[in-house]
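Please consider the following protein structure and the questions asked about it. What can be learned from the model by careful reading?

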Amino acid sequence: MECALDAQSLISISLRKIHSSRTQRGGIKLHKNLLVSYVLRNARQLYLSERYAELYRRQQQQQQQQPPHHQHQHLAYAAPGMPASAADFGPLQLGGGGDAEAREPAARHQLHQLHQLHLQQQLHQHQHPAPRGCAAAAAAGAPAGGAGALSELPGCAALQPPHGAPHRGQPLEPLQPGPAPLPLPPPAPAALCPRDPRAPAACSAPSAPPGAAPPAAAASPPASPAPASSPGFYRGAYPTPSDFGLHCSSQTTVLDLDTHVVTTVENGYLHQDCCASAHCPCCGQGAPGPGLASAAGCKRKYYPGQEEEEDDEEDAGELGAEPPGGAPFAPCKRARFEDFCPDSSPDASNISNLISIFGSGFSGLVSRQPDSSEQPPPLNGQLCAKQALASLGAWTRAIVAF
Amino acid sequence: WVGRGGGAGGGNDIQWCFSQVKGAVDDDVAEADIISTVEFNHSGELLATGDKGGRVVIFQQEQENKIQSHSRGEYNVYSTFQSHEPEFDYLKSLEIEEKINKIRWLPQKNAAQFLLSTNDKTIKLWKISERDKRPEGYNLKEEDGRYRDPTTVTTLRVPVFRPMDLMVEASPRRIFANAHTYHINSISINSDYETYLSADDLRINLWHLEITDRSFNIVDIKPANMEELTEVITAAEFHPNSCNTFVYSSSKGTIRLCDMRASALCDRHSKLFEEPEDPSNRSFFSEIISSISDVKFSHSGRYMMTRDYLSVKIWDLNMENRPVETYQVHEYLRSKLCSLYENDCIFDKFECCWNGSDSVVMTGSYNNFFRMFDRNTKRDITLEASRENNKPRTVLKPRKVCASGKRKKDEISVDSLDFNKKILHTAWHPKENIIAVATTNNLYIFQDKVN
């Protein structure tokens with residue numbers, strides 16, 4: 001497939017389309033927005049694959065310098081051309097361990113681990129100081145002959161079963177390079193949205209692997225079919241709207257076309273929620289810590305190199321609004337904002353809302369609670385973000401509103 | 001047919017000639033004038049168009065002039081009326097466009113004509129009737145309608161009907177409202193001529209033409225959790241002969257055939273028509289270009305045709321795993337999908353239609369080109385709807401797009417195609433070789449050359 005645009009531009013364009021569709025006459029066109037979200041998903045898959053390839057290269061270098069003390073996870077590298085079967089996920093349905101069951105065992109395993117990782121990140125952020133790896137679920141890619149279409153990404157030691165007690169250092173099975181493409185779910189969605197009922201909080205993308213998580217041996221030689229992007233730059237995951245957008249956005253008003261309920265969710269409180277740990281990524285604080293915090297820490301490492309890559313996501317995140325988490329974050333963020341989004345922050349906030357919906361992986365949609373779609377979440381401004389996001393109804397309506 | 005090699009065809013070959021063009025001449029297109037649907041009635045005598053401004057214009061074919069038998073009758077304006085108005089849903093804070101999405105004619109049962117027209121939310125049954133006589137000679141009223149002073153009436157007379165200038169009246173007989181949460185994309189009248197279906201993105205409803213306060217939901221693909229949404233309904237149609245059968249197409253490129261006898265809710269299809277995707281063609285936009293924009297049964301009911309962004313496919317109802325015929329409409333656009341995504345053209349919904357004998361299918365393209373595919377000879381032709389050829393009986397010259405490489409004379413390169421000039425709506429007379437082709441705001445009528 002020829003495409004004059006890279007994945008990032010496509011993401012940006014897609015988000016702009018979704019955003020502008022909200023103001024179009026005649027209401028939101030569900031069909032068009034669904035199609036745009038497919039493009040968004042496809043572009044994100046490629047974007048992530050490129051990032052992970054980058055990451056792998058980095059890890060390879062670091063591995064040679066440090067002794068491994070973490071297990072890792074081998075992941076298949078998603079070639080840009082993904083088999084159609086991987087597209088069985090709805091673009092809005094990011095994640096879906098259940099669907100992965102139908103797929104190959106290796107894929108299932110990887111997805112499982114990915115979910116574990118995210119669960120870990122979000123639920124145990126205060127408990128596990130170990131750095132996290134970036135375990136994006138791999139997508140099948142056609143192996144490219146000898147060079148192999150598989151690259152590895154260092155995994156995270158703290159991969160744990162979703163419902164069990166943590167046990168570190170769980171060895172992960174390497175994904176053997178094989179001739180046949182694996183029908184894996186797309187990496188981006190899985191990476192971003194563990195559909196775990198216990199993960200209602202801000203869903204951040206997988207964190208950047210900590211520097212100290214080298215891949216294990218017996219890795220297949222990495223080959224990066226993806227075009228090289230900024231070499232020195234790694235951003236661990238899909239531009240995390242949840243990291244930025246949710247932190248800094250104000251409100252999302254959504255409506256359910258069927259029940260006619262309008263709800264307003266205060267996104268900003270996610271930020272508070274994250275920042276509570278004082279390891280908020282956008283607060284520019286904190287050493288690498290568990291979960292989000294570690295992700296943050298890892299990410300921060302790469303911030304300086306990120307500018308050129310992040311224009312669209314920065315749109316998402318740049319709102320001009322002060323994150324409630326506090327001052328330290330602001331200067332850093334503002335600089336990027338000025339670099340890339342000198343325009344309207346209202347647009348950016350809308351886009352961030354949109355991205356937050358798509359990029360958060362809807363983990364917040366999976367609620368521990370019984371389906372409360374009939375009850376709008378309380379609109380108390382001090383509402384805990386977790387509860388707000390945990391309310392399935394609110395985000396369902398958000399999608400419906402698209 | 002004028003085949004690819006050009007030249008006059010003999011035998012069964014058709015030469016298409018310009019007949020008429022309707023609509024404003026100037027290039028500045030008023031948004032309300034954009035044609036959004038075109039439909040012949042069952043006899044072909046009437047041709048209806050709907051536009052973005054909510055108006056319906058009906059053209060009627062003149063009776064053939066036996067003396068001047070070089071052409072068939074012309075189509076002239078028969079009736080114009082405002083079908084839908086813009087509305088505002090205050091509860092949801094949504095504006096409801098007045099654009100007419102579809103018109104479907106009912107078969108004629110008496111002197112009046114009936115059609116269904118729909119916008120995004122409301123379907124209306126219109127009665128179009130002629131009035132060519134009026135009563136004259138009232139006792140209590142003057143001819144101009146003023147009431148006479150009863151005391152001045154000295155004699156009585158019986159009013160009689162006298163001829164008058166033909167007046168065509170359109171009146172809304174039924175309003176089918178409030179049944180669709182999402183945007184209606186299709187309506188289709190059942191072969192029982194009593195019921196019809198209406199389809200939106202996620203649901204299909206069955207109506208009785210006489211009953212407006214009730215409709216039955218027969219398909220509902222809305223997932224319990226909207227985040228699981230992966231496809232929407234894009235078109236639906238009743239089988240032309242089996243009143244229990246209908247199909248609906250999806251944004252994923254599948255067609256489901258449902259039998260209403262099987263269950264009240266036809267969520268489970270009887271047949272699923274799907275062609276596996278060619279993995280070598282996979283791209284960012286695979287999902288978009290596989291979305292089906294139109295589905296039409298053949299007149300015989302044996303086949304159905306689907307239109308996706310780049311191709312037209314003919315399916316045999318007895319074979320689900322692949323179409324029996326595939327025609328590339330504008331394959332040269334496959335390498336341009338990125339740009340077409342940027343400028344939103346990739347979302348254009350092209351329609352398609354059969355000729356009366358199901359031997360030829362037609363669909364539109366860009367640059368005001370439209371394409372016909374002869375199923376028997378496997379020949380195809382590209383023609384242009386343009387005012388440059390607007391002398392009646394001018395034979396249309398076949399057009400050719402040069403995909404790459406050296407451009408021959410008279411060919412058009414892909415990069416010089418005008419993507420703002422798109423033909424989304426076409427219609428074929430049910431019996432004759434007369435076609436109606438809608439450009440943005442003009443309606444072209446072409447006929448085959450009659451010697």
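Me: How many helices and strands does chain B have?
Reply: The model is a predicted one. Of the 451 residues of chain B, 54% count as buried, and the chain exposes about 20600 Å², with carbon and sulfur atoms supplying 47% of that area. As for its elements, chain B has two helices and 32 strands.

Me: What share of the contacts in chain B with a separation of 6 or more comes from residues 24 or more positions apart?
Reply: Here a contact means heavy atoms within 4.5 Å. Among the contacts of chain B with a separation of 6 or more, the residues 24 or more positions apart account for 54%.

Me: Which residue is the bridge partner of Val247(B) in β18(B)?
Reply: Strand β17 of chain B covers residues 245-250, and strand β18 covers residues 255-259. The two pair in the antiparallel sense over five bridges. Within this pairing, the partner of Val247(B) is Leu257(B).

Me: By what angle are neighbouring strands turned against each other, on average, in the sheet β2-β3-β4-β5 of chain B?
Reply: These four strands form an open sheet with antiparallel pairing. Its edge strands, each pairing on one side only, are β2 (35-40) and β5 (75-82) of chain B.

Me: Which residue of β4(B) is the bridge partner of Leu46(B)?
Reply: Strand β3 of chain B (residues 46-51) runs antiparallel to strand β4 (residues 55-61), and five bridges join them. Leu46(B) has as its bridge partner in β4(B) the residue Gln60(B).

Me: Which element gives the most residues to the largest nonpolar core?
Reply: The largest nonpolar core has 38 residues, and those with the most contacts inside it are Phe285(B), Tyr309(B), Leu333(B), Tyr341(B) and Ile346(B). At least two core residues come from each of α1 (7-21) and α2 (30-63) of chain A and from each of α1 (286-290) and α2 (337-342) of chain B. With seven residues, the element that gives the most is α2(A).

Me: Which residues of chain A are in contact with Tyr341(B), leaving aside neighbours within four places in sequence?
Reply: With such neighbours left aside, the contacts of Tyr341(B) in chain B are Phe285(B), Ile288(B), Ile346(B) and Phe347(B). In chain A, the contacts of Tyr341(B) are Leu10(A), Ile13(A), Ser14(A), Lys17(A), Val36(A) and Val39(A).

Me: Is α1(A) largely enclosed by the rest of the structure or largely open?
Reply: The 15 residues of α1(A) should span 21 Å at 1.5 Å a residue, and its end C-alpha atoms are 21 Å apart, which agrees. The buried residues of α1(A) include Leu10(A), Ile13(A), Lys17(A) and His19(A). Because twelve of its 15 residues are buried, α1(A) is largely enclosed.

Me: Does Asn178(B) count as buried or exposed?
Reply: Asn178(B) is placed in the loop between β11 (160-176) and β12 (186-189) of chain B. Its phi is near 65°, a positive value in a residue other than glycine. The cut-off for an exposed residue is over 50% relative accessibility. At 77% relative accessibility, Asn178(B) therefore counts as exposed.

Me: How far apart in space are Glu432(B) and Asp448(B), C-alpha to C-alpha?
Reply: Glu432(B) lies in the loop between β30 (425-428) and β31 (434-438) of chain B. At 29% relative accessibility, Glu432(B) counts as partly exposed. Glu432(B) and Asp448(B) are 16 residues apart in sequence, and their C-alpha distance is 8.8 Å.

Terms used: Residues are numbered from 1 along each chain as its sequence is written. Chains are lettered from A and ligands numbered from 1 in the order in which they are written. This is a predicted model: local features need pLDDT of at least 70, side-chain atom pairs count only at pLDDT 80 or more; totals for chains, interfaces and linings use all residues. Side-chain values use heavy atoms; hydrogens and water are left out. Buried means under 20% relative accessible area, exposed over 50%, partly exposed in between (1.4 Å probe, protein chains only). Accessible areas come from the Shrake-Rupley method with a 1.4 Å probe; for residues, only the protein chains shown count as cover. Two strands pair if DSSP finds at least two bridges between them. A nonpolar core is a set of buried Ala, Val, Leu, Ile, Met, Phe, Trp, Tyr and Cys residues joined through side-chain atoms within 4.5 Å. The expected span of a helix is 1.5 Å times one less than its number of residues.
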